[in-house]
Amino acid sequence: MAQPIFVNGVQHAWASLSCNMLGRTLTGITGITYGNDRAMENLYGAGDEPIGRGQGNNTYKDVNLEVYQFEVVALQVASGGDITLIPPFDIVVQYKATQDSPLVTDIIRNCQFKNNMREPKQGDTSLKVKLDLICAGIKLHSV
């Protein structure tokens, strides 16, 4: 069984992440989700067992940011009010476990906001906003 790889005994954590988009580093980010999904299916021929596998399109699903409301307000001001009209942009997510460890960079390409929703509730001590995005590519661990 493979042993986990440690960088000076430390692995990446939320504290080692920075997220940059539209010319600024987000300080009010509390979550980010991104990834891809490739269509695949087993191919059948004679008998009842697969004889191969077919692959289809690569899609990018569930790209979203969770940020404090002040981040959305800053985006609204920069965009003239409607963040869903901001032209496509890249999001750069970087991880650095320790000062001496290598920088790991993921780039989420050609993003646009799909929504601009608010859901404040009684008793909230902070206001967070979940922003869904569409993207046209993700480059993981780029240099």
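1. With a relative accessible area of 1%, E71 is buried, where buried means under 20% relative accessible area, exposed means over 50%, and partly exposed is in between, for a 1.4 Å probe and protein chains only. Leaving out residues up to four places away in sequence, E71 touches R24, L26, T27 and G28, a contact being heavy atoms within 4.5 Å.

2. A word on the basis of these values: this is a predicted model, in which local features need pLDDT of at least 70 and side-chain atom pairs count only at pLDDT 80 or more, while totals for chains, interfaces and linings use all residues. Residues are numbered from 1 along each chain as its sequence is written, and side-chain values use heavy atoms, with hydrogens and water left out.

3. N115 is placed in the loop between strand 8 and strand 9, and this residue is buried, with a relative accessible area of 13%. The side chain of N115 reaches the backbone nitrogen of D132 at 2.6 Å, and a polar atom of that side chain lies 3.3 Å from the backbone oxygen of K130. Such polar contacts are pairs of N or O atoms within 3.5 Å; within protein, one atom must be able to donate a hydrogen and the other to accept it, and residues adjacent in sequence count only if both atoms are side-chain atoms. Neighbours within four places in sequence aside, N115 is in contact with I83, T84, K130, L131 and D132.

4. The largest pocket holds about 200 Å³ of space. Of the 14 residues that line this pocket, R118, E119, K128, V129 and K130 are the closest to its centre. A pocket is an open set of points on a 1 Å grid over the protein atoms alone, where a 1.4 Å probe fits and protein lies on both sides within 12 Å along at least five of seven lines, and lining residues have an atom within 4 Å of a point. Strand 9 (residues 128-134) gives the largest share of the lining, four residues. By class, the lining has four nonpolar, three polar and seven charged residues, with Asp, Glu, Lys and Arg counted as charged, Ala, Val, Leu, Ile, Met, Phe, Trp, Tyr, Cys and Pro as nonpolar, and the others, Gly among them, as polar.

5. The structure holds two aromatic pairs. Y68 and F70 form a stacked pair, 6.4 Å centre to centre with 10° between the planes, whereas F89 and F113 form a tilted pair, with ring centres 5.3 Å apart and planes at 40°. Rings of Phe, Tyr and Trp (its six-membered ring) pair if their centres lie within 6.5 Å, and planes under 30 degrees apart count as stacked, over 60 as edge-to-face and the rest as tilted. F89 is buried at 6% relative accessibility and F113 is buried at 3%, while Y68 is partly exposed at 28% and F70 is partly exposed at 46%.

6. Backbone angles also deserve a look. Most residues other than glycine have a negative phi. L22 has a positive phi near 50° and lies in the loop between strand 1 (17-21) and strand 2 (24-25). N110, found in strand 8, has a positive phi of about 50° although it is not a glycine.

Terms used. Points joined across faces, edges and corners; volume = space filled by probe spheres on them. Helix = DSSP H or I, 4+ residues; strand = E, 2+ residues; numbered from the N terminus.
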